[in-house]
Amino acid sequence: MIVAERKPMEEILQMIAPYKKVLLAGCGTCVAICWTGGEKEVGILSSQLRLARGKEGDKTNTVEATVERQCEKEMVEELRDKVEGVEAVLSLACGAGIQTMAEVFEDKPVFPAVNTTFLGSPEGEGVWLENCGACGDCFLDRTGGICPMVRCAKGILNGPCGGTRKGGKCEIDPDKDCGWVLIYRRLEKQGRLDLMRKYYPPKNFRAVKRPGKMKAIKA
Amino acid sequence: MPVKMGIFLCNCGGSLKNIDFPKVRENLEDLEDVAFVDISHNLCLEEGEKAITSRTLTENINRVVIAACSPEFCERNFARLLEKLRLNPNLLSLANIREQCSWAHEGDVTRKALELIMMAVDKARLLQPVERKEVAVNKEALVVGGGFCGMKSSLELSQLGIRPTLVEREPTLGGKLKELEGFYGSQREAMIKAVEKEENIEILTSAEVIGVEGKIGDFRVRIRRETKEILRTFGAIVFATGYKTEITAGDFPLKLGINIISQKRLAQMLQAPTLEASPETIGFIFDLSDENSRFPTLATLNNALAVKQRWGSEVYVFCKNVKVDSEGVEKLYREAREKGVMFLKFDENPKISADDGRVRIDAGDTLLGEEIALTCDLVVAEEKLLPAEGTEGLSSVLKIRTDSQGFYQEENVHLYPVSSERKGIFFVGNCRGDLDLGRVLADISSVVAIVHELLSPGKIMVEVERVKADPQKCVACLTCIRACPHRAIQLVQIDNEKVVAEISQLACDKCGICAAICPAKAIKFEGYSDDQILAQIEAIGVS
Amino acid sequence: MNGEIIAFCCEHSAYAAADAAGKQGLHYPEKLRVIRVPCAGRVDIIHMLKALEEGAAAVLVLGCEDGLCQHLTGNVRAKERVKYSGMLLTEVGIDGGRVGMFNLAANAPHKFIKIIKEMNERIKKQGR
Amino acid sequence: MARDFRETLKTKDFVVTAEAAPTKGSSVERSLEHIELLKDKVDALNVTDNQSSVMRYPSVGICLLIKEHGGEAVLQVTCRDRNRLAIQADLLFAWSRGVRNVLCLTGDSIDVGDHKEAKPVFDLESVQLIHLVHTLNSGKDMTGNELTGGTDFCIGTSATPSADPIEPQLVKVQKKLEAGVDFIQTQAVYDLDELKRFVEFVRKHDQKVKVLLGIVPVIGAKMAQYMNENVPGIFVPQYIIDELAQAPKGTGINKGIEIAARLIRKAKEDKLCDGAHIMFIGKEERVPEILEAAGLL
């Protein structure tokens, strides 16, 4: 899933400063799941904006709506009436959702209320971990299902760097595991350490031709 | 159906003098949806009940607002009354104008009282009926652990007509009783026999619980017996998995050897038919690291007496304090003294050293104020009570946490010591901590009473959808499942496609944590829903 | 609303403490409005923000003592949410101390009074 | 005139190298002083590449200065700041200007340096870089294109014998050996048993490679603790911290020099490794004291 974090309030207030009436648009998929842009967060941000704007933050000046997937034009289209009634849209969706919103309502300024941060999965309640870099050239078959491109801070393909902290923690953050120590342990458990002893040549960074575009071949 | 509200104001026998009731009524009467506003003297007495009954029926109202004393006193009664009047009890909204208004302030509080009632009125408009229905519960109980607690709980449950299935990991029943001699040991055979004789109790030995799914009234339990796996269903589960003991050396060098042994080893020696030479002098020692545990005193007294009886050895007990404040222990202590067991009390941990194949104990006796040196043939060392082997594994099977020492965590150590965080699963005895005998017996009585009350009617009344996840809004993010303290939520498939969270009304304890945390605002807690809470907030200061 | 203090009170502890205060004739500022909740864990960020939006001077969430929550984690979650709400307020230039979470037992009316009075002093100083 | 480092490695029993950190800025006077002071006392001078991810004068620039002043230089190359095009181009330039030795490193993370918001490149990493240098040495570029004039670098790399856990680290060392290196300069090692175990491991896979013990003198107990917490790959054991703590005020640096010399002397006497690599960043002028105390002058 896509993980995002809310932008600092100051930045949001600056973006929407010229606009009196704003629609806060949430998304019910990834950003809802990571507690950033679902209906609940839309309500909180909306209330916070009204508090920030004081008297100007009249209740009628913040409109709230959440669609199931903001990256789908058809679903965003459902908001047409609401969008037409406001001066600007503040989207709490991921970058893809925000861009869809901006495309569907070309004549309205659309602003991001969140920063899209990574692809990941929940580690536990309220904690998400980046674990996919969308490189287009999946390497996980060789590393026991742990991505060294993302779980290693330097994206090394051939083993840990020399900076690993005591107990197998990452050079840059003692709260994060060294990806290569994780890979080693996983492969050791599976009796497949020979995979780690192989040399892997430099990665093909053009596996996805940027900007990425995929056309399904099947109809 | 449009909202039609009746408001009853109670002036508590005319005692709430700082509220101008007629004025309150005046302000409420013209509100939208309000059919009438009545002032009564004592709504909690028969006259009040009659007044509510007649007005409710004649006016055919569908929301009842009562401004009276604290809901802690009156809520239950008024809810019952509504039920009698064929009105769903959830259509009742209360304003606490006595404890939290009239009594809490000096001077005229009419305005505040009016506001509190307005809050209740605005909430009442949004209330929806919550249907209730009877759900059948499985009347059988599972008791895990065939030691003293498990056997006694099973016996008592079966005497009350509940059919317990008793699961024991070992090939035979008895648990720790097998390791005890003397008074407690002597209870062993009789108890096992009684359990085995009881037709109502099904005994599964060499068996272990490996999975618990479902909820109170309907637990599906997987049990592995030798190589076979059995699937059974139970209404409630009682864990009596006991403890293990470990010698604690503290910070002084006690090494387990031939001369320094555990209570368990001593019991084995006492049970052995012959002994080459019975020890002449035996020293028991405890309080070296943990002074609070009651367990070493009991084990020591029990076994010291057994030693006296069996071998007639000289027995010395070294400790800081003999803890006799548990049931029956004082008596054992007196008996031990009478039989000649010597008690020596130290302040600083004694020194223990080897002395020509025997063990020398050097201790300062606080009573005599002297240094005492004693050489023993055998020293029985202090033991600490720890969670039984497998507690950790079982707790993950049960999805129930353990405390800092690894014992099962009670739901609330003071209020509900035998209840776990999962409704319908209980812990008794030493699997939930280092308890003295009195506490263990109290645990057994209370768990038996609770399980009996729960299962014997064969059915329980549950609210159908007090807390509900809207399948249209649920995004199956698992947030509520991870957050629910009672493990009452699971993912289910609806219409063969969408996977959504479903809240079991049986297991749910109505805390509302899920409703607050749901990122999609999919969970509604009727009576405490967002709009009902916000309606109260918005009502403040409007009057 | 006009400068009221809103207290979300857990029915297992704070709500009973408020009752006990009344019963013992202990007085507290009239501007207090209690909203009864089944657990402090029911109270959400939006409830606190909306209360302030509506014109409350302060919001309190009052739950069971540490480790004694009827629902195990409700009071812990409440504390986290109050902290977060305080941060959201600070972000928009409002005193984050206007939301507060306290733990108390059902039989602690004096503590209840103290909490209310202290919050009242705080907002009075700010001229509310 | 300095001897070719590849020759020195082959012929000398105990090789000594030291690190020279480039200055932050375009004035190279201080670097020059260090070069003059050390060029004849050690067998080669390593020049770091934006060490600790702190932006500095380029490694290759100082390498050229060393050559000009008659010293032998080891060009450190990291993969942090340059992609495969830039790295190859820089290596060709260095070779054409007389730099003959290269130390292949992945590089510290951007996060530990002074330009924390920079884009980390890491197009390649150390093992791949070693392969790349071999490719250039064979007269081709990475994609197989013929070069008009290739290189013949003497190749080195680093390793962390004190890593915890060590096993994954050793897997990578093995890959480096298989790729082919002439020398290894280890990260700082303070426990010679660790060094011994490491060299034994290396010898199992490669008898020819030379292992140089990495020496980072610690000049005070507080600094040691700071290094343990903040410098990647450094683990100062408690007994050294204690020894430093006991040194009278103001003499910590002398103590650090003494400990460093003791480690080198012992490693040499017991033939634990093939040399030493001294990293005394910011105190380069005191490297001769270590050499003297270790009996290497």
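Two strands count as paired if DSSP finds at least two bridges between them. Strands (E, at least two residues) and helices (H or I, at least four) are DSSP runs numbered from the N terminus. The model is predicted: local features need pLDDT of at least 70, side-chain atom pairs count only at pLDDT 80 or more, and totals for chains, interfaces and linings use all residues. Residues are numbered from 1 along each chain as its sequence is written, and chains are lettered from A and ligands numbered from 1 in the order in which they are written.

**View 1. Pairing of β4 and β5 in chain A.** A:L90 stands opposite A:F111 of β5(A). Strand β4(A), residues 88-91, runs parallel to β5(A) and is joined to that strand by 3 bridges.

**View 2. The open sheet of chain A.** The sheet has 4 strands in the order β3-β2-β4-β5, with parallel pairing. β3 (62-67) and β5 (110-112) of chain A are the edge strands, each pairing on one side only. On average, neighbouring strands are turned by 25° against each other, direction ignored (axes are lines fitted to C-alpha atoms, for helices over the stretch in contact; angles run from 0 to 180 degrees between N-to-C directions).

**View 3. Helix α3 of chain A on the sheet.** Helix α3(A), residues 39-53, packs on the sheet and touches β2 (22-27) and β3 of chain A. The direction of α3(A) makes about 165° with that of β3(A).

**View 4. The side of chain C that touches chain B.** In this interface, 36 residues of chain C are in contact with 31 residues of chain B (C-beta atoms, placed from the backbone, within 7 Å). α1(C) gives the most to this side of chain C, with 6 residues.

Note on methods: Contact = placed C-beta atoms within 7 Å.
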